[in-house]
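Biologist: Could you take me through this model, strand by strand and then core by core, naming the residues as you go?

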Amino acid sequence: MTWFILALLACQVFYYEDETTKDIQLAKVSSNYNNGINAAMDSSVRIDLYSEHTGQKMGHGSGNLFKIGSKHFIITAAHVVQRERFVVIREQNGNLLPGMVAWANLQSDIAIIIPMNKDFEITKAVSYVNNKKRSLVAEKLWHHSYPSDIDGFLAESFVSKSGYFQIVMQSQAWFGSSGGVVFDQRGRAVGVVHAINVESDPIGMPNFMETMVYVNRLYDLSRKDILGIIADASTEARNPN
């Protein structure tokens, strides 16, 4: 009994409830355990886009697999999916799955993809809960993404500027990192990698500041909203006309 009490004290219980689901998550909170790192790496996937006409690869971005009850979905950046209806989800071991874009908001640059099957081999869905804290200045965050041709890159970040809708991190990102979800130490979703800073040099050539990373927050994206998006997309898939 004593060991059970000690184990429970080393954990934190998260309870989520809405109109349709109830989730209980037990998360470790000891000083040498980081739920954010584990959530970022375990749920990370690459989003590949292919031309419907030629079948050629058009590009890729990053995303993360979440769950609410029995519902699974991927959060990424809206500009990653580029108004596409279907994408290819790639796991870290190379396994490929089809995905359908259920919702994309170009203003907030956030999108939701529904896996068309749940045949994931190694990717683990994490319970979705977003960080509602207004200011995250000086806090450390983590994201795992697929910049350039690198097959998975974990980055630790330091928040330099923070607000409700966007934060600026001192971190590392590059083309392909867009869409990776940023997590805090407790494993809560903070936002989605949106862009890096670009400035022009004296002769007008672009200078990429890949250490200044802009993240669009998931502050207003509630569990209820996501379940509504998934329900609408499922209805549309069943009744395309």
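Biologist: Which residue in E12 does Phe158 stand opposite?

Modeller: In this predicted model, strand E11, residues 153–162, pairs with strand E12, residues 166–170, in the antiparallel sense over 4 bridges. The two strands form a hairpin with 3 residues between them. Within this pairing, the residue in E12 that stands opposite Phe158 is Gln170.

Biologist: How many residues of strand E8 are buried?

Modeller: Strand E8 covers residues 110–115 and is mostly covered. Ile110, Ile112 and Ile114 point one way from E8, while Ala111, Ile113 and Pro115 point the other way, and all of these are buried. The number of buried residues in E8 is therefore, with burial taken as under 20% relative accessible area, 6 of 6.

Biologist: Which residue stands opposite Ala111 of E8?

Modeller: Strand E5, residues 71–76, pairs with E8 in the antiparallel sense over 3 bridges. Opposite Ala111 in E8 stands Thr76.

Biologist: What is the bridge partner of Asn105 in E8, and which residue in the hairpin of E7 and E8 takes a positive phi?

Modeller: Strand E7, residues 96–105, and E8 pair in the antiparallel sense over 6 bridges. The bridge partner of Asn105 in E8 is Ile110. The hairpin of E7 and E8 has 4 residues between the strands, and the residue there with a positive phi, near 60°, is Asp109.

Biologist: How many residues are in the largest nonpolar core, and how many in the second, separate core?

Modeller: In the largest nonpolar core, the residues with the most contacts inside it are Phe66, Phe73, Ile75, Tyr128 and Leu218, and its residues number 41. The second core is separate and includes Met169, Ala173, Val190 and Ile196, with a residue count of 12.

Biologist: Which valines is Leu218 in contact with, leaving aside its neighbours within four places in sequence?

Modeller: Leu218 is among the residues with the most contacts inside the largest core. With those sequence neighbours left aside, Leu218 is in contact with Ile75, Ile110, Tyr128, Asn130, Ala189 and Gly191, among others.

Biologist: Is Val198 buried or partly exposed, and what is its relative accessible area?

Modeller: Val198 is found in strand E14, residues 189–200. Together with Trp174, Phe175 and Phe208, Val198 makes a nonpolar surface patch of about 380 Å². Because burial requires under 20% and exposure over 50%, Val198 counts as partly exposed, with a relative accessible area of 43%.

Notes:
Residues are numbered from 1 along each chain as its sequence is written. This is a predicted model: local features need pLDDT of at least 70, side-chain atom pairs count only at pLDDT 80 or more; totals for chains, interfaces and linings use all residues. Side-chain values use heavy atoms; hydrogens and water are left out. Two strands pair if DSSP finds at least two bridges between them. A nonpolar core is a set of buried Ala, Val, Leu, Ile, Met, Phe, Trp, Tyr and Cys residues joined through side-chain atoms within 4.5 Å. Buried means under 20% relative accessible area, exposed over 50%, partly exposed in between (1.4 Å probe, protein chains only). Contact means heavy atoms within 4.5 Å. Patches are made of residues with over 30% relative accessible area and no salt bridge: like charges are joined within 9 Å, nonpolar side chains (Val, Leu, Ile, Met, Phe, Trp, Tyr) within 5 Å. Accessible areas come from the Shrake-Rupley method with a 1.4 Å probe; for residues, only the protein chains shown count as cover. A salt bridge is a side-chain nitrogen of Lys or Arg within 4 Å of a carboxyl oxygen of Asp or Glu.
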